[in-house]
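Thanks for asking me to take a look at this one.

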Amino acid sequence: MGKRPAWYLWILAKLWKLSYIPPSVPILGKLVAGIRAQSIQRDMFNISHLPINAQVTSVSTPLPVVVLENIIRESDHRTIIHRCTCREARGCTSYDIHTGCLHIGAATEEEDTTVARHATVEEAIAHLHKAVDAGLIPFMGHAAGDNVIWNVSKDRPFLTVCFCCPCCCTLFFGYKYLPEESKGLFHRLRGITIEVDNDRCTGCGACVSRCFTQAITLRNAKAFHDEERCKGCGVCASVCPEGAVSVRIHDLETTTSELFGRVSQEVGGVPMRLKDESDAPAS
Ligand code: SF4
Ligand code: SF4
Ligand code: SF4
């Protein structure tokens with residue numbers, strides 16, 4: 001298992017460009033829409049975005065750092081993909097294409113060094129900090145296609161932590177074209193609240209154009225947030241020039257235990273726990 005030729009990431013990025021074809025393009029658009037919907041189905045897909053800007057009332061470290069550091073520490077093995085496929089496919093000029101996805105779990109032992117470097121716990125945590133400090137949005141989860149793309153056993157634990165940019169991520173791009181049932185497989189973390197401060201909002205629309213679920217619209221020149229549609233990614237808060245959007249988590253334990261419950265098997269079947277605040281390093 002695991003072998004990939006040296007040109008694999010390059011050709012993957014070329015093919016990945018197809019995933020940005022909208023359904024309005026004759027023939028190819030419908031084909032891509034079908035593949036997109038097929039790849040995001042129950043029992044095959046399970047992801048959550050982690051808002052980098054969430055203010056957690058009980059800890060000073062940002063949520064993704066708290067959660068992901070603990071998952072990395074508990075993992076059997078981990079790798080860092082040499083390049084982000086989406087950013088390479090899109091020729092991203094805003095974020096580093098070399099900040100690739102982090103893979104966690106026993107199956108990552110099989111990954112070829114042509115596509116990823118095998119990382120120690122400390123190296124993986126350093127990579128996480130670099131990505132979050134650059135403003136990239138982590139999402140973590142598992143899609144059935146991951147094992148095929150990276151050529152690892154499908155019956156061994158394998159979790160992907162991607163560091164997405166609002167400009168290039170194919171999941172952000174493709175979400176609006178998905179059937180409703182597939183949209184439901186993007187899990188909003190329990191306990192996250194997003195609020196818009198109308199006094200600060202100037203109605204510039206930056207959050208509206210960047211929200212991948214169309215959960216923010218302008219009403220009377222102010223941003224209006226739709227709870228039902230929101231997936232809690234925190235992008236709106238990241239892009240607001242006025243600091244008018246806040247992302248809050250009131251009960252970190254509830255939020256993280258739900259997440260850990262969903263991912264523990266993917267990282268090796270080990271029990272997941274949130275370490276004491278005193279164990280978490282400063283951000
Ligand atoms: S999903 Fe995000 S991190 Fe993963 S390849 Fe795409 S943009 Fe890069
Ligand atoms: S409103 Fe949109 S951009 Fe903001 S957190 Fe929700 S899904 Fe993300
Ligand atoms: S980005 Fe900020 S200021 Fe602009 S519309 Fe959204 S909330 Fe208002």
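1. Let's begin inside. The largest cavity holds about 110 Å³ of space. Keep in mind throughout that this is a predicted model.

2. The structure holds 2 cavities of 30 Å³ or more. The second largest cavity comes out at about 90 Å³. Its lining counts 13 residues, and those closest to the centre are Cys211, Cys230, Cys233, Gly234 and Cys236. Here the classes split into 8 nonpolar, 4 polar and 1 charged.

3. Arg210 belongs to helix H9, which covers residues 206–210.

4. Now for the open space. The largest pocket has a volume of about 1000 Å³. It is lined by 50 residues, and Trp16, Ser19, Ile149, Thr170 and Leu171 are the closest to its centre. By class, the lining of this pocket has 34 nonpolar, 12 polar and 4 charged residues.

5. Which element gives the most to the lining of the largest pocket? That is H2, with 6 residues. Several other elements supply at least two residues each, among them helix H1 (8–16), strand S1 (45–49), helix H6 (144–149) and helix H7 (170–174).

6. Leu15, Leu18, Val25, Leu28, Leu31 and Ile35 make a nonpolar surface patch of about 530 Å². Helix H2 (residues 28–39) provides the largest share of the patch, 3 residues. Leu28 is found in this helix. With a relative accessibility of 38%, Leu28 lies between the 20% and 50% cut-offs, so Leu28 counts as partly exposed.

7. On to the charged pairs: the count comes to 9 salt bridges. In one of them, the side chains of Lys130 and Asp96 meet at 4.0 Å, N to O. This pair links distant parts of the chain, with Lys130 in helix H5 (residues 121–133) and Asp96 in the loop between H4 and strand S4 (102–104), 34 residues apart. Lys130 is partly exposed at 43% relative accessible area, and Asp96 is also partly exposed, at 36%.

8. Another salt bridge joins the side chains of Arg156 and Glu109, at 2.9 Å from N to O. Again the pair links distant parts of the chain: Arg156 sits in the loop between H6 and S7, Glu109 in the loop between S4 and strand S5 (116–118), and they are 47 residues apart. Arg156 is partly exposed with a relative accessible area of 28%, as is Glu109 at 44%.

9. Glu180 and Lys183 form a salt bridge through their side chains (3.3 Å, N to O). Both lie in helix H8 (residues 180–183), 3 residues apart, or about one turn of the helix. Glu180 is exposed, at 60% relative accessible area, whereas Lys183 counts as buried, at 12%. Back at the Arg156 pair, salt bridges with shared partners join Glu109, Glu110 and Arg156 into one network.

Terms used. Residues are numbered from 1 along each chain as its sequence is written. Chains are lettered from A and ligands numbered from 1 in the order in which they are written. This is a predicted model: local features need pLDDT of at least 70, side-chain atom pairs count only at pLDDT 80 or more; totals for chains, interfaces and linings use all residues. Side-chain values use heavy atoms; hydrogens and water are left out. Patches are made of residues with over 30% relative accessible area and no salt bridge: like charges are joined within 9 Å, nonpolar side chains (Val, Leu, Ile, Met, Phe, Trp, Tyr) within 5 Å. Accessible areas come from the Shrake-Rupley method with a 1.4 Å probe; for residues, only the protein chains shown count as cover. Helices (H or I, at least four residues) and strands (E, at least two) are DSSP runs, numbered from the N terminus. Buried means under 20% relative accessible area, exposed over 50%, partly exposed in between (1.4 Å probe, protein chains only). On a 1 Å grid over the protein atoms alone, a cavity is a set of points where a 1.4 Å probe fits but cannot get out, and a pocket is an open set with protein on both sides within 12 Å along at least five of seven lines; lining residues have an atom within 4 Å of a point. Grid points are joined across faces, edges and corners, and a volume is the space filled by probe spheres set on the points. Ala, Val, Leu, Ile, Met, Phe, Trp, Tyr, Cys and Pro count as nonpolar, Asp, Glu, Lys and Arg as charged, and the others, Gly among them, as polar.
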